[in-house]
Amino acid sequence: MNRITRRQFLRGAGSAIVALPTLVSLLPRAARASVTPPKRFVFFYHPNGIDNAPYSFRPKPGPSGTEADFTLGWNIDPDLAPWRSHLLWTSGINMRVAQEGTVGEQHQRGIGALLTGQKLAPGDFVGNDGQRAGWATGISLDQTLVSVIGQTTPIGSLQLGINARQRNNSGVVSYRGSEIPQLPENDPRQTYRSLFFTSGARDEIPIHVLRRQSVLDGVVSQLGSMKQRVSQEDSKRLDEHLTIVRDLEKRIASLPPPPPPAPAGTQSDGGSSTGNTGGTQTGGSGTSGSTGSTGPIGNPSDWPSYEGCAASGEPALSDLPLSSDAMPEMAHLQLELAALALRCDLTRVVTVVFVDAQDHIPMPFISVSDDIHNLSHLSDDDPYNAQFPRRDASRDNFRKRDRWQAQQFASMLAKLQTQEGDGSKVLDNTLLLWGSELSAGNTHSHLDIPFVIAGHALGWRTNRFVRFTNKNHNNLLLSILLGFGGSAASYGDPAYCSGELTGIA
Amino acid sequence: MLTRAEYDYTVLDLLGDDTRPAQNFAREPLTDGYDNDANANRMSSDGLKRYMEAAETVAARAVRDRRDLLLACDPNAVGCYQQSVARFARRAFRRPLTVEETHAALRVYADGYAAGGANLGLEWAIASILLSPQFLYRDERLAQAPPELTRLSDYQLATRLSYFVWASTPDDALLDAAEAGALATDAGVSAEVERMLKDPRSDRGKLRFLGLWLGVEELETERKDEATYPIWTRSLSRSWQQSLALYLEHVVRDGDNVKTLLTSQTLYANADLSMYTGLAPTADFERFTPTHRTGLLAQPGFLAHFAGPNQSSPVRRGVFVLDKLLCQPPGAPPAGANLIPPAPSTAQTTRERFAAHAQADCAVCHERIDAAGFLFENFDGIGQWRDRENGHAIDAGGELVRARDEKLRGPLHGVEELSERLTKSGQVTDCISREWLRFSLGRTLDVGDLCSLYGVQRAFATSGGSFDALVRAVAKSDAFKAHAAPETMP
């Protein structure tokens, strides 16, 4: 048996040890070897727009005026130049649906609209300036795409966060439906669990599948009896719940099995909560030490090993709180797991939220100790300039943030360079969309959002800079949906969608 | 939907499982700082998997380690397991089951029995019950279409009471009281509330409110600028959080009122926090009574949380006082306002650096915010006491400008005087009443709740700020005993 070895990554300051499950020697999953590789969609979000100094982030058009004639933004050029042939830059795409929203402040409206193309419902989440708003009022593109390309995978989609800690609408891009948010998961250990669903009970495979089917059948029956005599509002909520249960039921047979118990005699003190005392007295099910512990996870040598895409142990985080200090490690782990999931066809739809839209964090790992949101207010010719003796340094710091985000995007592209069954690369079969809820922090404008596209899933020509004039981003969302084979006449709020975005392909 | 804290307490009380499985669940959205808003909390597909994992492991552990607690009868007797499943389901669903619900639970039991015997049947049935919406959601359905404000059923009221007072599931006695119709009268409700308040579990409900009100959970990820505060480590942030949590436990245990909250001369310190006591470090947390540490507003965790990464923050501290203690929040900053605090200086005091707030646009709010916030200036950005800043003596003078309660107005100096004065004001007890009632209902208050709010405020003020009195008054209020308007149904 060809067991995977584990690597440990020593990163960050001092003692932080981050170990990933090893993701090499990828055997094709059952049905994958012979068929055409699947199409995937990835969305990248970072908050508060970009530095708006000329051509710092945005490309500079060349003299010929053609789409292929441009130079990359000077601030991010070092990181993205190697990927130029895979990138498609845009300008002139507006989020007018957010700009014209009346509920909520600009950050809330922007992040809510990004993938939904919709306005916000009234609600009680307090925004940065005290205005209140609720969730977005429509399904988001990633979730629409789950119904188009994500029906056969074990997991419908992943919503990942990197320090997206705001527990309200400011941290959410993904919606299963109107006002049904999917909050991002910030903890890579939980992402791992979502991928491999390493449930504690370590049964023989048939038993665990049987159990889950039976348990879920029971839940469906309970839902049925609960739905009698319910108000309309509650009925809607129970329907939501039922949809999720049904979805899990449908996918459960294709979910990887939980890991088998470690061979007797190899266990040492794992440091986890509950020891596995070999508990088979209840008919084959013991307990795991994993559920219920979010502390550092045991000794890597205790983890079970697997072949191919089936996984090894959980990522171990040694004393890393999920705060801004640990963002590089968190991003590394989250993106690695996302890439694994895409490669191994565990899922075809991923969203990644780098920090919530309020973004009141420092980024000490790139030597920025100021609050990034506040820095974003300086991102171009600031009207309050006179008050800021540190203006230049502050702008430099904001650019460091942009550059770090560009590095994260590049690192995701690199992770998608793995070869597929037919000899193509994963990146060839993936479309990545990267955007922010504003174009620039100090104007708080939703016009001219810096959307960047990468990958070749839709066959859109890359290595271009396409300058649009006053196009609504709903059109872009529609184009992506149609490109993936979906059918719709419009996306999001129809008042802001006039059809496909001509010229993007 | 049960919050993480409620879920953990519930499986602890139902099954004796103390592993806190909800640590793996997603964090709840916060509405006004509270995690139990029914409109904000939604099930997700990822969430369901976590609940499933928890249900599986909790059920397996219960049958393996505590099977005798689950079995209501002689295990060898015919029907004992089925009877035990039904008994557990009543406790987990917090009401009697319908025939269909019982059948559904027993069908899962039968599947498990067929796969591996009675114990496995019991385990599967428990897992299925723990994953059912009747368990995960607080069932406050109406029996009929809602006319207007309608009283909760007795079982629903029992559930609301127990999650409010205990942060957990009703015990058998409370369910029995509901079954016997005892909760249909105010006297019956009062009797149960008195019983529940005497139970140590009542600390949980109070601490849950106080913790969310102060944002204690967020303290763990508080970070400071190492250049300014070389002493700061992540471990210090965790110690701040634990120290503040211990302080709140002490308040609930040893005084249980607003006066203790605001004026107890107490600090819980471990080795990380010895700089605040000036005494020899102790490995574990111990109680100290150092000078300058009077009440909540002088706790290092509080002061560090309401501060900048590299400086104190008269704005954040002032806004806390105005918003969370007086319920008289300042307005939002105007669009385009410069929100960046002035850089720390080696020459000026904080007060001097914030002088720009005297400009006309800013002054309208900042004369109130800063005047409250400067009272804290004896504490730096990590809550250390200081008499001087950059060679200048600290001026911790200020006032609560335009406070609604006249007793709060007039010059003040320092946190101790501030705290002392706050304890004398009905505006403060009224404000805490409003926050606590809002938390107890899991929704924002609306005009229909005003009579309930006044009742709670009156009772809380009359009692001299006793938390028990507040809990009693909330439980007695019409808003607490009634269904929410349809659009805010939990």
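Me: In β13(A), which residue is the bridge partner of Leu160(A)?

Reply: It is Val352(A). Strands here are DSSP runs of E of at least two residues, and helices are runs of H or I of at least four, numbered from the N terminus. This is a predicted model, where local features need pLDDT of at least 70, side-chain atom pairs count only at pLDDT 80 or more, and totals for chains, interfaces and linings use all residues. Residues are numbered from 1 along each chain as its sequence is written, while chains are lettered from A and ligands numbered from 1 in the order in which they are written.

Me: How do β9(A) and β13(A) run, parallel or antiparallel?

Reply: Strands of a sheet pair through backbone hydrogen bonds, in either sense. To count as paired, two strands need at least two bridges found by DSSP. Here β9(A) and β13(A) run parallel, joined by 5 bridges. β13(A) (residues 349-354) also pairs in the parallel sense with β3(A) (residues 40-45), again over 5 bridges. There, Phe43(A) has Thr351(A) as its bridge partner.

Me: What is the order of the strands in the open sheet?

Reply: In chain A, 7 strands follow the order β9-β13-β3-β14-β15-β6-β16, with mixed pairing. The edges are β9 (158-162) and β16 (464-472) of chain A, each pairing on one side only. From one strand to the next, the twist averages 20°.

Me: Are the residues of β9(A) buried or exposed?

Reply: A residue is buried if 20 or more other C-beta atoms lie within 10 Å of its own, exposed if 12 or fewer and partly exposed in between, with C-beta atoms placed from the backbone. In β9(A), 5 of its 5 residues are buried. Leu158(A), Leu160(A) and Ile162(A) point one way, and Gln159(A) and Gly161(A) the other way.

Me: Which helix of chain B has end C-alpha atoms 19 Å apart, and why does that agree with its 13 residues?

Reply: The expected span is 1.5 Å times one less than the number of residues. Helix α11(B) (residues 202-214) should therefore span 18 Å, and its 19 Å agrees with this. Its buried residues include Phe209(B), Leu210(B), Leu212(B) and Leu214(B). Just after α11(B), Gly215(B) takes a positive phi of about 70°.

Me: What are the domains of chain B?

Reply: Domain bounds come from an automatic or database domain assignment. For chain B, the assignment gives domain 1 (4-137), domain 2 (306-424) and domain 3 (426-488). The centres of domain 1 and domain 3 of chain B, taken over C-alpha atoms, are 32 Å apart.

Note on methods
Axes are lines fitted to C-alpha atoms, for helices over the stretch in contact, and angles run from 0 to 180 degrees between N-to-C directions.
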